[in-house]
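Subject: A structure for you to explore

Hello! Here is the structure I promised to pass on. Please open it beside this email and follow along.

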Amino acid sequence: MNIGSVSGGLQRLGALVTNGLVDLGVAARFFVAILAASGICLRRPGLVIKEIYFIGVLSLVIILVPGLFVGLVLGLQMYDTLQRFGSGDIVGMVVALSLIRELGPVLSALLISSRAGSAVTAEIGLMKTTEQLSAMEMMAIQPVSRVIAPRFWAGIISVPLLTSVFNVVGIFGGYIVAVKLLGVDTGTFWSQIQESVDFRVDVVNGIIKSVFFGIAITFIAVFQGYHASPTAEGVSLATTQTVVKSAFVILAMDFVLTAFMFRGI
Amino acid sequence: MNRQLLDLWVGIFVTIGIVATVFLSLRVANLTTLQTGSVYTVKAEFDNIGGLKVRAPVKSAGVTIGRVSAISYDAEQHKAVVSAALDARYQFSADSSMSILTSGLLGEQYIGLLAGSDTEMLQEGDLIWLTSSAIVLENLIGQVLFNRAGAEPTKTPADN
């Protein structure tokens, strides 16, 4: 091994670390800029409502249908396993707890990031490519407050609402399988759920999780779009990166949040 | 898409989301039965509380009438002090007793409250002195094994 390749490798490693730190700095500055520009969302709520339509309303279908199927599958699988211990009756509790604590927030965040996050990135990236953002700046309109901030807040509002819908539909799916298909008693199904699901520990923590996921996926989406290279290739790369990075961040964040929330219970 | 239709759709969406959250809170987490505020707290000292946890139910005649609000340790008497928040709708006489029971063989532990016959009623902050500790399964197994071991020497000569 010659000196040249070693020093080249070191150089690349150094560049990787420095570039990572630079990106992190840019992201942090961008985050602060969005927060500073958020006043427009209160002055012109119409902007946010329009984005809630694109992020929230149009994502309803991809939340309702997979949510139902996740509930159905969970009901079937859990009943099959629990039946071996003679406790098939608690299938409702297992479905509800796993949905509210983990699967609801994580799966709906993943679905929303691939349905809405990628669309937001592509839209902003294309605006940048066609120089609409520069045109706005020429007209003394801040693109961060006019384009970015409404999308950011719309995402934060939409994700927890969609997560709640996902949970309810999932529990309904579990109900269909357990009560209608497998013959668990309706009263037992609901009382087991009510006995085990706690408002503070489970429901509130689930909502807190989904708020964090909402912040993460919308921030990644607008960041990738705003900092995409203004070419067709750059926009497509940024869109892919949004979905990939969102998935990483959601799953990593989920572990950290769970470790904080459900420790010692 | 015109503005009013957009607002309508967003309104429907937000309503669905809020209804789902309310459903989760009321129907799934059963928030309606919590009724905080109208409770009074009594204390009880136990030699051993086993696996009792905060928020475990306090039941009388099988009906949940309160929850364990705090568990602490009395360093002077070396006993566990359990605070229980009881529903103010139910009054119990001052000589009521508490025991730590287990639902099912390996289920969760809860406090069983057996009403006494005193005319004086339990007040906020009262101490319940008639208590019986949790049955610790490991101790029971230990006792069984100990009894078996004690019986063994009489058997072994016969075996040989």
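Which residues have the most contacts inside the largest nonpolar core? They are A:F30, A:I34, A:I148, A:I171 and A:V197, in a core of 74 residues. A nonpolar core here is a set of buried Ala, Val, Leu, Ile, Met, Phe, Trp, Tyr and Cys residues joined through side-chain atoms within 4.5 Å. Buried means under 20% relative accessible area, with exposed over 50% and partly exposed in between (1.4 Å probe, protein chains only). Helix α7 (residues 143–181) of chain A gives the largest share of this core, 18 residues. There is also a second, separate core of 22 residues, and B:F46, B:M98, B:I100 and B:I111 are among them.

Before you go further, a word on the ground rules: this is a predicted model, where local features need pLDDT of at least 70 and side-chain atom pairs count only at pLDDT 80 or more, while totals for chains, interfaces and linings use all residues. Residues are numbered from 1 along each chain as its sequence is written, chains are lettered from A and ligands numbered from 1 in the order in which they are written, and side-chain values use heavy atoms, with hydrogens and water left out.

Now for chain A as a whole. Its secondary structure comes to 10 helices and zero strands, taken as DSSP runs numbered from the N terminus (helices H or I, at least four residues; strands E, at least two). Of the 265 residues of chain A, 47% count as buried. The C-alpha atoms of chain A fill a box of roughly 65 × 60 × 35 Å along the principal axes.

Let's return to one residue of the core. Leaving out residues up to four places away in sequence, A:I171 touches A:V95, A:A96, A:L99, A:I100, A:F189, A:W190 and A:I193, and from chain B also B:L24 and B:V28. Contact means heavy atoms within 4.5 Å.

Is A:D254 buried or exposed? A:D254 counts as buried because its relative accessibility is 10%. This residue lies in helix α10 of chain A, and A:D254 touches A:E102, A:V106, A:K209 and A:F213, again without residues up to four places away in sequence.

Last, have a look at the second largest pocket. It is lined by 19 residues, with A:D23, A:A27, A:F223, A:Q224 and A:K245 nearest its centre. A pocket is an open set of points on a 1 Å grid over the protein atoms alone, where a 1.4 Å probe fits, with protein on both sides within 12 Å along at least five of seven lines; lining residues have an atom within 4 Å of a point. The elements giving two or more residues to this lining are α1 (3–36), α9 (199–226) and α10 (232–261) of chain A.

Enjoy exploring!
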